[in-house]
Amino acid sequence: MRCLGRTGTAVVLAALLVGGCNAPKRPKGEDPFGHTQSGHDRGLPRVKGSGTIVAIDEVRRTIIIRHAGIPRLNIPAGETLFPYRDDLPGGTAAGDNVSFEIELKTGRPEVIGLGSPIAG
């Protein structure tokens, strides 16, 4: 293998920098992989669903929800323990049918929104 030396390395680095400046501009809100996103969602996958609350642990800020499969996040149907971010709506209890929104954060799904109990 041949060493480029300082001058050769500088030329290669300069070429990479200049090439990067001439790269095509992406539309606003599109990441390098072509996924669109709004500033609000910070590019993290968000999914809405509905299910039945099985249990709530307010100390650990976790909730178990029985739900249908969530294919977009590879979560099968069943009961899943989710951490939750915001306070739950008042009066929320085990047995309530609720709508929810989850976000994939640091590789783990987290409930970021929980709707009021759904009649039924």
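1. Let me start with the pairing of β4 and β5: the two strands run antiparallel and are joined by six bridges. They form a hairpin with two residues between them, and Thr106 in that turn has a positive phi of about 50°. Please keep in mind throughout that this is a predicted model.

2. Which residue of β5 is the bridge partner of Glu103? The partner is Glu110. Glu103 itself sits in strand β4, which covers residues 97-105. With a relative accessibility of 0%, Glu103 counts as buried, because the cut-off for that label is under 20% relative accessible area. The side chain of Glu103 also has a polar contact with the side chain of Arg85, at 2.7 Å.

3. For a distance to check in your viewer, take the C-alpha atoms of Ile102 and Leu73: they are separated by 9.7 Å, and the two residues are 29 apart along the chain.

4. In soluble globular proteins, nonpolar side chains tend to be buried together. Here the largest nonpolar core has 15 residues, and the members touching the most others are Ile63, Ile70, Phe82, Ile102, Val111 and Leu114. Strands β1 (46-57), β2 (62-67), β4 and β5 (108-114) each supply at least two residues of this core. The largest share comes from β4, with three residues. As for Ile70, its contacts outside four places in sequence are Val47, Ile75, Phe100 and Ile102.

5. How covered is β5? Mostly: five of its seven residues are buried.

6. A word on the aromatics. A pair of aromatic rings is described by the distance of the centres and the angle of the planes. The structure holds one such pair. It is formed by Phe82 and Phe100, whose ring centres are 6.2 Å apart and whose planes meet at 40°, so the pair is tilted. Phe82 lies in strand β3 (residues 78-83) and Phe100 in strand β4, so the pair ties together parts that are 18 residues apart in sequence. Are these two residues buried or exposed? Both Phe82 and Phe100 are buried.

7. Finally, the overall picture. The protein has one helix and five strands, and along the sequence they follow the pattern α-β-β-β-β-β. Of its 120 residues, 26% count as buried. Among contacts between residues at least 6 apart in sequence, 48% join residues at least 24 apart. The protein exposes about 8500 Å², and carbon and sulfur atoms supply 57% of that area.

Notes. Residues are numbered from 1 along each chain as its sequence is written. This is a predicted model: local features need pLDDT of at least 70, side-chain atom pairs count only at pLDDT 80 or more; totals for chains, interfaces and linings use all residues. Side-chain values use heavy atoms; hydrogens and water are left out. Helices (H or I, at least four residues) and strands (E, at least two) are DSSP runs, numbered from the N terminus. Buried means under 20% relative accessible area, exposed over 50%, partly exposed in between (1.4 Å probe, protein chains only). A polar contact is a pair of N or O atoms within 3.5 Å; within protein, one must be able to donate a hydrogen and the other to accept it, and residues adjacent in sequence count only if both atoms are side-chain atoms. Rings of Phe, Tyr and Trp (its six-membered ring) pair if their centres lie within 6.5 Å; planes under 30 degrees apart count as stacked, over 60 as edge-to-face and the rest as tilted. A nonpolar core is a set of buried Ala, Val, Leu, Ile, Met, Phe, Trp, Tyr and Cys residues joined through side-chain atoms within 4.5 Å. Contact means heavy atoms within 4.5 Å. Two strands pair if DSSP finds at least two bridges between them. Accessible areas come from the Shrake-Rupley method with a 1.4 Å probe; for residues, only the protein chains shown count as cover.
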